[in-house]
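Visitor: I would like to go through this model with you, one topic at a time. Could we begin with the terms and then turn to the residues?

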Amino acid sequence: MPRGPLNIAMIGGGIGGLTAALALRQAGFEVDVYEQAPELTQIGGGINMGPNAARVLRRLGLGPGLEREGVRPIGSHQRRWDDGRTLQLASLNPRCEELYGAPHVTIHRADLLAVIASGFPAERIHLGHRLVGLLDRGDGTEAWFDNGVHITADVLVGADGIHSPVRAALFGEEEPRFAGCVAYRGLVPVERIADLEPELGSQSWVGPGAHFVHYFVSRGSLLNFVGWTEHDAWNREDWTDRATPGRALAAFEGWHPQIRRIIAAADTCFIWALFDRDPLPRWSVGRATLLGDACHPMYPFMGQGAAQAIEDGAALAACLARSVGPGGEGDPAEALRRYEQLRLPRVTRLQEMSRANKTRFHMPDGPAQEARDAEWSRAGDRSPDALRWLYEHDPAAA
Ligand SMILES: Cc1cc2nc3c(=O)[nH]c(=O)nc-3n(C[C@H](O)[C@H](O)[C@H](O)COP(=O)(O)OP(=O)(O)OC[C@H]3O[C@@H](n4cnc5c(N)ncnc54)[C@H](O)[C@@H]3O)c2cc1C
């Protein structure tokens with residue numbers, strides 16, 4: 001017998017959790033978001049977002065916000081670390097729109113989160129709620145928060161990031177591994193580097209044991225940079241750890257003058273360590289499942305972590321709407337199994353490709369690097385045309 005819309009508890013109000021909450025609400029479900037932070041924030045600079053994710057956000061009605069806050073890079077430019085020689089050049093916009101019906105966008109994380117949140121009722125985002133326990137009851141899930149609140153939900157989704165307590169509760173505790181890489185991140189007001197005349201695109205400089213990426217965010221007023229270097233050991237993971245631009249400059253000693261000018265123009269720098277987990281064979285237990293970094297964290301070397309979390313939300317909403325319906329008549333556990341079966345092969349492939357890119361981007365000069373450069377000059381493997389399998393995918397239709 002129909003029993004009314006399912007109520008869904010989304011644990012985590014990051015990019016993945018909020019997108020999924022919005023997609024599920026638009027599919028007719030009752031959704032509440034529980035976020036541990038006292039306010040919705042995203043620290044850490046920019047996101048490079050492919051048309052596969054931009055298309056999902058547009059369908060959710062977020063196109064105007066994306067258009068307003070984001071930047072459309074004209075191309076992606078791979079360059080050599082010391083002399084700046086072009087290794088690969090691919091046009092992004094308007095090519096992506098022509099091929100895939102959506103642009104490639106670069107955007108500040110905080111702006112992206114605000115755009116997504118603008119589509120979802122603020123009163124259903126419960127801030128200051130840190131999940132501390134959950135129990136699968138078979139016909140639903142109970143959850144407890146550190147502020148004493150206790151809830152029951154028909155379906156619970158852990159969109160709570162790489163350290164996911166929901167993942168730990170469903171599949172056991174397992175610490176993520178340090179991936180041997182740290183990132184120096186910063187934002188530079190464009191007027192400080194105007195004399196460099198940086199092209200309106202995404203540039204990636206590759207060299208021995210490191211690579212450096214920069215692109216525009218915040219309506220084009222800031223240049224976001226992230227410089228990755230290899231390290232043997234690390235014991236912290238926090239976007240808010242500061243480093244001086246001097247330390248970042250030392251890490252990129254001998255690199256092209258443009259890179260050193262950009263770093264030197266920053267007032268401050270953040271340092272962030274990369275952590276990793278192996279792919280999970282499954283994400284769901286009964287009526288609880290996972291989404292985004294909680295189940296498939298990936299190195300950011302395909303620029304697809306947030307994009308895949310966004311795709312997850314669309315796929316989850318489509319699976320639940322199809323198998324259960326807003327009237328609540330079908331089996332939610334079956335819909336969750338279908339969701340993970342659809343998503344697992346794609347995100348596992350991207351996790352593997354992102355890992356392989358760490359090696360490819362950080363090759364020391366020598367025969368392997370020469371072979372890579374020759375391949376890049378021929379194949380254009382990061383051009384929108386070559387990434388059709390990635391960019392044309394429609395998670396809701398699949
Ligand atoms: C340097 C760097 C560059 C990147 N660049 C790109 C890029 O260019 N393109 C791209 O697509 N991706 C990129 N990524 C990846 C992307 O940032 C992540 O994949 C994405 O943010 C994951 O979103 P999420 O919602 O799954 O998790 P998160 O953004 O981590 O959100 C999890 C949320 O859950 C909350 N939470 C945690 N525990 C609890 C709890 N117990 N109770 C309640 N709430 C809780 C957290 O406060 C947080 O708000 C990059 C990542 C890094 C590190």
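Guide: Contact here means heavy atoms within 4.5 Å. This is a predicted model, in which local features need pLDDT of at least 70 and side-chain atom pairs count only at pLDDT 80 or more, while totals for chains, interfaces and linings use all residues. Residues are numbered from 1 along each chain as its sequence is written, and side-chain values use heavy atoms, with hydrogens and water left out.

Visitor: Which residues is Asp276 in contact with, leaving aside its neighbours within four places in sequence?

Guide: Asp276 is in contact with Ile162, Pro176, Arg177, Ala179, Tyr299 and Arg355. Asp276 itself belongs to strand E17, residues 269-276. Strands (E, at least two residues) and helices (H or I, at least four) are DSSP runs, numbered from the N terminus.

Visitor: Is Asp276 buried or exposed?

Guide: Asp276 counts as buried because its relative accessibility is 6%. Buried means under 20% relative accessible area, exposed means over 50%, and partly exposed lies in between (1.4 Å probe, protein chains only).

Visitor: What does the side chain of Asp276 make a polar contact with?

Guide: One partner is the side chain of Tyr299, at 3.4 Å. The side chain of Arg355 is also joined to that of Asp276 by a polar contact, of 3.0 Å. A polar contact is a pair of N or O atoms within 3.5 Å; within protein, one must be able to donate a hydrogen and the other to accept it, and residues adjacent in sequence count only if both atoms are side-chain atoms.

Visitor: Turning to the ligand, how many residues surround it?

Guide: The ligand is surrounded by 32 residues, and the closest are Gly16, Glu35, Asn48, Arg109 and Asp293. A residue is near a molecule or strand if one of its heavy atoms lies within 4 Å of it. Helix H1 (15-26), strand E3 (46-49) and helix H8 (305-323) each supply at least two residues of the shell.

Visitor: Which atom of Gly16 lies 2.8 Å from an oxygen atom of the ligand?

Guide: It is a backbone N or O atom of Gly16. From Asp293, a side-chain N or O atom is 2.8 Å from an oxygen atom of the ligand. A polar backbone atom of Gly303 is 3.3 Å from a ligand oxygen atom. Taken alone the ligand exposes 1000 Å², of which the protein buries 89%. Accessible areas come from the Shrake-Rupley method with a 1.4 Å probe; for residues, only the protein chains shown count as cover.

Visitor: Arg109 came up there. How many residues of helix H4 are buried?

Guide: Helix H4 (residues 109-117) is mostly covered, with 7 of its 9 residues buried. These are Arg109, Asp111, Leu112, Leu113, Val115, Ile116 and Ala117. The cover over the buried residues of H4 includes H1, E3, H2, strand E6 (105-108) and strand E12 (177-189).

Visitor: On to charges: how many salt bridges does the count come to?

Guide: The count comes to 30 salt bridges. A salt bridge is a side-chain nitrogen of Lys or Arg within 4 Å of a carboxyl oxygen of Asp or Glu. Arg58 forms one with Glu97, and their closest N and O atoms are 2.9 Å apart. This pair links distant parts of the chain, with Arg58 in helix H2 (residues 51-69) and Glu97 in helix H3 (residues 95-100), 39 residues apart.

Visitor: What about Asp394, which residue does it form a salt bridge with?

Guide: Asp394 forms a salt bridge with Arg59, the closest N and O atoms being 2.9 Å apart. Asp394 lies in the segment after helix H11 (388-391) and Arg59 in helix H2, 335 residues apart. Asp394 is partly exposed because its relative accessible area is 21%.

Visitor: Finally, which residues make the nonpolar surface patch of about 270 Å²?

Guide: Val132, Leu135 and Trp144 make that patch. Patches are made of residues with over 30% relative accessible area and no salt bridge; like charges are joined within 9 Å, and nonpolar side chains (Val, Leu, Ile, Met, Phe, Trp, Tyr) within 5 Å. Val132 is in strand E8, residues 131-136, and is partly exposed, with a relative accessible area of 49%.
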